[in-house]
Amino acid sequence: MIHHAHRRPGRGAAAAAATVAAAAVLAVGHLVAVFVAPAASPFFVLGATVVDNTPKWLKDSAIRWFGANDKLALAISMAVVMVLAASLLGQLARRRFAVAAAVLTALGVTVAFLAVGRPAATAWFAVPALAGTLTGVAALAVLFLGFAGSAQPDERHAGPTRRGFVLALAGVTAGVVAAGVAGRYLATRLRDIGADRAAFRLPPVAKPAPPVSAGMDLAVPGITPFVTDADEFYRVDTALQLPSLTRGEWRLRIHGMVEREIRLDFDELAGREAVESVITLTCVSNEVGGDLLGTARWTGYRLADLLAEAGPSPEADMVLSRSIDGFTASTPLAALTGNQDALLAVAMNGAALPVAHGYPARMIVPGLYGYVSATKWVVDLEVTRFDRVEAYWTQREWAPRAPIKTASRIDVPAAFATLSPGEVVIAGVAWAQGRGIAAVEVQIDDGAWQRATLAEAYSLDTWRQWAWRWDALAGTHSLRVRATDSTGYVQTDERTTPFPDGATGQHSRVVTIR
Ligand SMILES: Nc1nc2c(c(=O)[nH]1)N[C@H]1C(S)=C(S)[C@@H](COP(=O)(O)O)O[C@H]1N2
Ligand SMILES: [Mo]
């Protein structure tokens with residue numbers, strides 16, 4: 001009689017087998033999601049769940065430690081956790097296969113539940129995780145049970161069983177890799193979001209935005225152009241994988257404290273009046289002198305009109321917008337109903353929104369930082385109250401209300417530049433959306449503040465270029481800028497961090513003249 005213990009794979013083999021079974025759940029789930037809904041991939045569902053539930057201290061440290069690689073750091077941590085958990089599952093499977101299979105099933109079903117709970121999910125969102133789980137459990141059975149019957153008494157002998165196990169492991173691994181590669185390939189072939197974007201036609205606008213005139217660009221070499229190219233535009237979001245949402249799939253639901261709920265698809269937008277607006281979008285995380293802001297000509301539909309159709313309750317004071325990937329922003333209702341330039345934007349600088357900037361539709365609200373207003377891939381607007389619900393960053397203690405602060409930046413000369421004595425043009429941009437820039441001043445070392453020349457203003461909601469001609473003398477000098485907005489507020493010298501509602505402080509640069 002063969003002793004029971006001899007039928008088990010060794011510890012290492014068990015860990016490898018269970019890791020491959022767990023990878024099968026993700027790979028097959030990802031492949032099936034290509035056909036069902038890409039956002040339902042167990043991979044993204046887990047990633048998004050982790051991102052949404054990472055405590056603020058950990059997220060802040062991750063951003064501090066890894067900077068822009070925070071998403072890569074997350075993927076690596078998740079992979080490490082998965083391998084560790086799967087190794088434990090493997091040890092369990094060696095002893096009690098049925099219990100291990102039940103645990104894997106329970107985990108898979110949990111992911112299916114999480115998938116159904118994602119924003120804009122349907123019951124179909126459970127399918128990829130369930131299909132993946134079935135495959136994973138089958139892989140586990142093949143690897144742990146399939147070859148146990150003819151076990152060699154001692155694993156160290158390279159008998160048929162051991163060879164069989166290795167072959168099975170290799171076969172299942174190959175299957176998992178094939179499913180993963182097929183998922184990635186098909187995702188780009190079947191879901192050609194590029195073709196969907198290319199087929200987009202800009203809606204005719206009844207009243208085009210005023211043109212950007214020559215006087216708005218001072219044409220100083222190196223200064224930030226008035227309009228930012230879409231591919232130069234800063235990008236900030238929590239998305240691990242850019243959502244791929246076609247116009248055909250896109251839906252917008254307006255609900256909550258409204259007289260009537262509204263559901264719109266993209267074709268229904270075409271029947272509405274499209275408008276155009278040039279707006280400077282700004283990120284609250286922009287440091288003094290930073291480049292997390294840009295100006296574009298946005299085309300879209302007035303949020304005021306869409307909300308009016310739904311009829312917000314007089315008790316409501318906020319709109320919670322939600323993206324396909326679960327990001328939320330809380331925007332004061334009055335900022336949407338009281339501003340004709342608050343848009344459900346579908347185009348940027350005359351072309352469909354780039355996927356990274358919210359294709360096929362996003363919000364653009366003048367005067368508010370992006371995290372409380374500029375939801376990309378927006379699919380849901382809930383009319384509600386600030387005292388009822390908190391948005392993504394507000395839950396992480398950023399300010400619930402976040403108007404953009406008056407600020408200015410030096411674009412030229414570059415930091416630590418070495419220049420020749422004589423005329424040096426100091427120039428940059430200043431912004432105070434909603435109020436407008438009234439003056440910009442420059443200070444050299446401890447000298448008097450000097451009035452810069454302002455470019456023509458486009459509107460209160462856009463940045464404004466400024467320039468000042470300096471007769472530079474030899475030496476090392478510090479250049480400093482401050483803006484005054486139309487309310488008379490002079491940009492403070494007091495330095496604060498972006499957290500919780502935007503940085504303050506004046507931008508300065510050191511240059512050498514010789
Ligand atoms: N879906 C989604 N929309 C989002 C975000 C996000 O993380 N997810 N980030 C917001 C923030 S913080 C900013 S500053 C703007 C940036 O928009 P952009 O990437 O087009 O410049 O998008 C906003 N909209
Ligand atoms: Mo932001």
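**Notes on the predicted model**

1. Thr 238 lies in the loop that runs between helix H8 (193-198) and strand E1. The model under discussion is a predicted one. Is Thr 238 buried or exposed? Its relative accessible area is 17%, and the limit for a buried residue is under 20%, so Thr 238 counts as buried. Leaving aside neighbours within four places in sequence, Thr 238 is in contact with Val 51, Lys 71, Asp 325, Phe 327, Tyr 392 and Trp 393.

2. The overall dimensions and composition may be set out next. The protein has 514 residues, of which 51% count as buried. Its secondary structure consists of twelve helices and 19 strands. Taken along the principal axes, the C-alpha atoms fill a box of roughly 95 × 60 × 40 Å. Among contacts with a separation of 6 or more, 74% are accounted for by residues 24 or more positions apart.

3. The protein is divided into domain 1 (5-190), domain 2 (216-396) and domain 3 (407-513). Between the C-alpha centres of domain 1 and domain 3 the distance is 54 Å.

4. Some regions carry annotations from a database record. In an unreviewed entry, UniProt places the feature "transmembrane region" at residues 71-90, 97-117, 123-145 and 165-187. In the model, residues 71-90 are 100% helix and 0% strand, with end C-alpha atoms 28 Å apart. Residues 97-117 are 95% helix and 0% strand, and their end C-alpha atoms lie 30 Å apart.

5. The unreviewed UniProt entry also places the feature "domain: Oxidoreductase molybdopterin-binding" at residues 242-388. This span is 12% helix and 39% strand. Its end C-alpha atoms lie 30 Å apart.

6. Which residues touch the most other members of the largest nonpolar core? They are Trp 250, Ile 254, Trp 298, Leu 344 and Tyr 371, in a core of 78 residues. Strand E7 (residues 343-348) supplies the largest share of this core, namely six residues. At least three residues of the core come from each of domain 2 (216-396) and domain 3 (407-513). A second, separate core has 27 residues, including Leu 89, Ala 100, Leu 169 and Ala 179.

7. Not counting residues up to four places away in sequence, Trp 250 touches Leu 245, Leu 264, Asp 265, Phe 266, Leu 269, Leu 344, Pro 360, Ala 361, Val 378 and Val 379. Of these contacts, Leu 344 is itself named among the residues that touch the most other members of the largest core.

8. Five strands make up an open sheet of mixed pairing, in the order E2-E1-E10-E5-E6. Strand E2 (262-265) and strand E6 (328-332) are its edge strands, each pairing on one side only. From one strand to the next, the twist averages 15°. Within this sheet, strand E1 (residues 251-256) and strand E10 (residues 378-384) run parallel and are joined by four bridges. Gly 256 stands opposite Val 383 in E10. Helix H10 (residues 303-310) packs on the sheet and touches E1, E2, strand E5 (318-323) and E10. The direction of H10 makes about 135° with that of E2.

9. Another open sheet has four strands in the order E11-E13-E17-E16, with antiparallel pairing. Its edge strands are strand E11 (407-412) and strand E16 (453-454), and each of them pairs on one side only. Strand E13 (residues 422-431) pairs with strand E17 (residues 464-472) in the antiparallel sense over nine bridges. Here Val 424 stands opposite Trp 470 in E17.

10. Why is E11 largely enclosed by the rest of the structure? Six of the six residues of E11 are buried, and it is therefore described as largely enclosed. Ser 408 has Ala 430 as its bridge partner in E13.

Key
Residues are numbered from 1 along each chain as its sequence is written. Chains are lettered from A and ligands numbered from 1 in the order in which they are written. This is a predicted model: local features need pLDDT of at least 70, side-chain atom pairs count only at pLDDT 80 or more; totals for chains, interfaces and linings use all residues. Side-chain values use heavy atoms; hydrogens and water are left out. UniProt positions are given in the numbering used here, feature names are shortened, and annotations may be inferred rather than shown by experiment. Helices (H or I, at least four residues) and strands (E, at least two) are DSSP runs, numbered from the N terminus. A nonpolar core is a set of buried Ala, Val, Leu, Ile, Met, Phe, Trp, Tyr and Cys residues joined through side-chain atoms within 4.5 Å. Buried means under 20% relative accessible area, exposed over 50%, partly exposed in between (1.4 Å probe, protein chains only). Domain bounds come from an automatic or database domain assignment. Contact means heavy atoms within 4.5 Å. Two strands pair if DSSP finds at least two bridges between them. Axes are lines fitted to C-alpha atoms, for helices over the stretch in contact, and angles run from 0 to 180 degrees between N-to-C directions.
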